[in-house]
Amino acid sequence: MPMVGARVSVPLGKQTCVGLVLAVEALATDTEHTFALKPVGEILDTTPLPDAHWLELLEWAARYYQHPIGEVLFSALPVALRSSKPLSKRMQKRLAATPVVAQTPPPSSLALTMEQQHCLQTIQQWQRVDTPRPVLLHGITGSGKTEIYLRLIAPLLADGKQVLVIVPEIGLTPQLLARFQQFFADTYIVCLHSALSDGERLQAWLEARNGKARIIIGTRSAVFTPAPQLGLIIVDEEHDSSLKQQEGFRYHGRDLAVKRAQMLNIPILLGTATPSLESLYNVQTGRYHHTLLKQRPGAARPPGLQIQDSRPFTLDAGLSPPSLQAIRTTLARSEQVMVFLNRRGFAPALFCPSCGWQASCQHCSVNMTWHARRNRLVCHHCGAEQATPSQCPSCHNPKLTTQGQGTERVELALQTLFPHFPVVRIDRDSTSRKGELADKLATVRSNEPLVLVGTQMLAKGHDFPNLTLVIILDIDHSLLSNDYRALEKLGQLLVQVAGRAGRADKPGQVILQTSQPEHPLLHQLVGHGYTPFARQLLEERKRWHFPPYGYHALIRASAGTMEKALKLLDHISHLLANSDNNLQRLGPIPAPLEKKANRYRAQLLVGGKQRATLHNALRQLLAHENKLPGRSSVRWSIDIDPVDLT
Ligand code: ADP
Ligand code: ZN
Ligand code: ZN
């Protein structure tokens, strides 16, 4: 008899597939089946791989995100367990539970500030009750949230519990991991990140499963790590959109973490300097507790944020003369500068000034970005690359021009303007080799005066004590976007980037260059801070019954022509209206990125005031999936609680 949670091989047509046993039931001999049942092939595991709670969580997730359970289970299993290869003897041994060794809390080297102490005690009080509510720890950047995490974890380890810590991107925040390893020097910590090999990942998974790993740190998929003695979950940077999986099984790591904690009845802490509107709303309605850290330890003060109208100036690689002057004086004081620009490459457009030709991607509805270093044109959406033409392909004009700027151009301009100082660029192109990012971060942490240029890779978690000036470029498109989440994301990004300045004992300054200096929400953010800004956004969401005051699902379709994609969505829209005519339906419309990798994309946003009614309508739709016209040539998907509306 196979056990629940064991893998089996199953014949499917001419193939043999791997299955995970979800239930074992005796078949009544008189039951009629709509399809022929076949016996399972081989039983691959003699010990169940995951525990019952793990299966329960994934079954819940499959129902909630309306995604096939098989794909959900497989995406949550390490790659090495998705095959029909039985575990090696060595790995099998790892499945056996290891005895729990209680860890004595480490002596604390840092004295907590009064504010931190108060915050820690409050959280611990909240967590001691029978049914703990999630806690939102809202602490400004640099307020010492990590220190709170460490001290919440210590007593749990002493109790023999495991702790799960979910972070947006580990590669970008090696400091966080280092602090955990230093603080818990005698504790077995596993770190799940994308650079692990399949074997390493399997080992980490098994060690979490058998209880040897006491602290598990990982990105969003770590929420699926089995941990039989789990006693606390921490989600760091809970607002971060990379916690949402954007393809296939589109789950939200934070939301599933909250669900998992609720199922296990254990505490969960969501930490951030810029809470998501969802979490703020949950605080307003009393579902979450809320605690604030308003100060930075020691002498560190939050930076002053200043809006600069860039319209009167002639810009040099996007930088205004006052910004360049500010860079000059900062470097003269032997301090560091960061120029933030969320676009890699040299220039986002290459065109011909005489006939108007533009280098656009053949497969997508976008311009290609010119990368000067490699002298190639690259599509940032499908990855297509080509050599830069030496003349205009349409009128043979040899003088092509670029427009706009990316990090490469800013880097070059700064090198020319400030030849006596290093310019360090950090983006996906400049950090692709192993160790490159760590080297660059080490250079910055040496505290010598320099200019750092980079994309959002710089926004997260880094602590640069000698960085005192941040210049933010090119945010205008977000201010003007019609994606209702764009302003929330922009506000979070600005506060996070600004938070890199003035971390130690030196005051920081942040200059926000924009051609939209009168934008009311920008003023709200700069003048009054993130919370009033977020409250105002919440008011607007409320007026439209948009999340978190309502529930959304985004139905995406793509096909060889736009017409086919729109037609299918139109049909779906009618079906949804028939099953519940109170549903809000926005669209179908062509997606903001109309064509990607040769497929035309369209979308339909569906909203409901109640979650249950929306989800029921979607369930009915899926039940009719086989009858949808044209479905053979159109790919479509449902994204529950969408975060990215492109
Ligand atoms: P956050 O995660 O809130 O951005 P961190 O936990 O990274 O903040 O702390 C920011 C900096 O302040 C770190 O360098 C950290 O070592 C330091 N720090 C935190 N708590 C204290 C404290 N009580 N006393 C002195 N320094 C502290
Ligand atoms: Zn031309
Ligand atoms: Zn493309």
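A polar contact is a pair of N or O atoms within 3.5 Å; within protein, one must be able to donate a hydrogen and the other to accept it, and residues adjacent in sequence count only if both atoms are side-chain atoms. This is a predicted model, in which local features need pLDDT of at least 70 and side-chain atom pairs pLDDT 80 or more, while totals for chains, interfaces and linings use all residues. Residues are numbered from 1 along each chain as written, ligands are numbered from 1 in the order in which they are written, and side-chain values use heavy atoms, without hydrogens and water.

In ligand 1, a nitrogen atom is 2.7 Å from a side-chain N or O atom of Gln116. A backbone N or O atom of Ala111 lies 2.8 Å from a nitrogen atom of ligand 1, and one of Ser143 lies 3.3 Å from an oxygen atom of the ligand.

Buried means under 20% relative accessible area, exposed over 50%, and partly exposed in between (1.4 Å probe, protein chains only). Cys361 counts as buried because its relative accessibility is 6%, and Cys379 is buried at 2%. Cys382, at 29%, is partly exposed.
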